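Subject: Structure for your review

Dear colleague,

Please find below the sequence and the structure that I am handing over to you. My findings follow directly after them.

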Amino acid sequence: MATTLEQLRAGQLAGTRRLKLACGLSEFPREIFDLADTLEILDLSGNALTSLPDDLPRLGKLRILFASDNPFTELPEVLGQCPQLSMVGFKANRIRKVSGTSLPPLLRWLILTDNEIESLPPEIGACAQLQKLMLAGNRLRTLPEELAACSRLELVRLAANQLGELPVWLLRLPRLSWLAFAGNPFSEALETAALIDTPIAHIGWDDLKLEQQLGEGASGVIYRAALLARHDKAKRPVAVKLFKGAVTSDGLPDCEMAACIRAGDHPNLIPVVGKVKDHPASAHGLVMELIDPQFTNLAGPPSLESCTRDIYSAGTRFELASALRIAYGIASAACHLHRQGVMHGDLYAHNILHGGKGRALLGDFGAASFYATDHRDLNPALQRVEVRAYGCLLEELIDRCDWLDADAPTAAKLVALKEACLSDDVGSRPLFEDIVAVLRRLAGAGDRDAAALAAI
């Protein structure tokens, strides 16, 4: 919740560790320096700032700085002098220039989504702590090869840029797990084909009756709705997602819709009923099966502190059967997606709906990307990036199981699978078909029983 400038000036915020000011600021309030001994998180988003003071490093404990929705035209160079600054967020500005001197030495998380950046400085390769790099919605044509030195980089968002190709060296980064690159010239034809060539029902806007809103994300709003049959007017409950059309941190809504359509049917994916047509505001929309409200998110998204790892509710535990069923179902869904040439890009527990007893649905295709399945090098390379994300999920499930001592042989094999998925030797990681086969054996299920294991 934003505090007021009057509170700051009256000295009422002494000792605070976190400060948010959104009040049309055109200059940096000097009173912020009165908090230099304690301030760790500063949020100046939603103002009219174009610069930061040269003495910003006086905020010696500052770890996180947000300045989204301001008219900055360059990333302030003074950031590079801030000794403890590890997270920098300048989303939806007008930034064209990013100099090497603007990058803090301890930079861990950089958000420059929705700007006008055409190139990154080679000095970014010196950011040894960098784990998250969010660059969707810019004008990048290439990436500096020096970025290959960022061996801790785990999440990269490159969607909606002007890249002519996906650099091969990027896929060799030892910890890269979550990658989005849709909406670039090199993938445009595949995205277009997914929308045009994939069979899908077209559902008229007049055949839908929106009811209550179920949720809202960066890419759109989801409603509970009734689908009216054309003849008997019987109502069928469905969910309708109407896309906003703006660039998100992951990419473009059109690409998300294309991925949902291309994904097709699988017992561990949310079924798509059809595509909305004739919306009065020309909004893109999808009609999906309405999920049982018993299904909830398996975990929450990463925190500012955890950076790339999900946050689970305290006390979350899994029995062996449930953990194996979740692991099998999500691996099977990922295998299915890659057969269609779709990389999910955001394979996380917070994007998995869990209905208890291991029933799991993989959702949220906002970071999904397309690739040619007949590309002999790209196909396995992209799979192995996503396999590392799956390895993180598997590690989280294992860490929350109570059965490790009771079933030591199964535990040892599951841990070995997890370690193989997380290997820094990218080429040694298994592909999803291999993972599915291992989990099928661990569950003691034959081919006939595998579908039942995955079914929900």
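A disulfide is counted here when two cysteine sulfur atoms lie within 2.5 Å of each other. Please bear in mind that this is a predicted model. A search of the whole structure under that criterion finds zero disulfides. Cys-260, for instance, is in no disulfide, and the nearest cysteine sulfur, that of Cys-255, is 11 Å away. Cys-260 counts as buried because its relative accessibility is 12%, below the cut-off of 20%. Cys-392 also counts as buried, at 2% relative accessibility.

Overall architecture

The protein chain has eight helices and 19 strands. Its radius of gyration is 23 Å, close to the 23 Å that the globule rule gives for 456 residues, so the chain is as compact as a globular protein of that length. Along the principal axes, the C-alpha trace spans about 70 × 55 × 45 Å. Of the 456 residues, 55% count as buried. Among contacts between residues at least 6 apart in sequence, 51% join residues at least 24 apart.

Surface and charge

The protein chain exposes about 19800 Å², and carbon and sulfur atoms supply 48% of that area. There are 47 positive and 56 negative side chains, and the centres of the two sets lie 3 Å apart.

Backbone angles

Most residues other than glycine have a negative phi. The phi of Cys-307 is near 65 degrees, a positive value in a residue other than glycine. Cys-307 is placed in the loop between strand E15 (296-297) and helix H4 (320-339), and it is buried, with a relative accessible area of 1%. Asp-364 is not a glycine either, yet it has a positive phi of about 55 degrees. Asp-364 lies in the loop between strand E18 (360-362) and strand E19 (369-370). With a relative accessible area of 38%, Asp-364 is partly exposed.

Two further residues

Where does Leu-21 lie? Its place is the loop between strand E1 (18-20) and strand E2 (41-43). Leu-21 is buried, with a relative accessible area of 0%. Not counting residues up to four places away in sequence, Leu-21 touches several residues, among them Thr-3, Leu-5, Leu-8, Pro-29, Ile-32 and Leu-44. Leu-21 and Val-438 are 417 residues apart in sequence, and their C-alpha atoms are 52 Å apart in space.

Glu-396 lies in helix H5 (residues 378-399). Is Glu-396 buried or exposed? At 7% relative accessibility, Glu-396 counts as buried. With residues up to four places away in sequence left out, Glu-396 touches Arg-309, Asp-310, Tyr-312 and Ala-349. Tyr-312 is 84 residues from Glu-396 along the chain, and the C-alpha atoms of the two are separated by 8.9 Å.

Yours sincerely

Notes
Residues are numbered from 1 along each chain as its sequence is written. This is a predicted model: local features need pLDDT of at least 70, side-chain atom pairs count only at pLDDT 80 or more; totals for chains, interfaces and linings use all residues. Side-chain values use heavy atoms; hydrogens and water are left out. Helices (H or I, at least four residues) and strands (E, at least two) are DSSP runs, numbered from the N terminus. The radius of gyration is taken over C-alpha atoms; the globule rule is 2.2 Å times the number of residues to the power 0.38. Buried means under 20% relative accessible area, exposed over 50%, partly exposed in between (1.4 Å probe, protein chains only). Contact means heavy atoms within 4.5 Å. Accessible areas come from the Shrake-Rupley method with a 1.4 Å probe; for residues, only the protein chains shown count as cover. Lys and Arg count as positive and Asp and Glu as negative; His and the chain ends are not counted. The place of a charge is taken as NZ of Lys, CZ of Arg, CG of Asp or CD of Glu.
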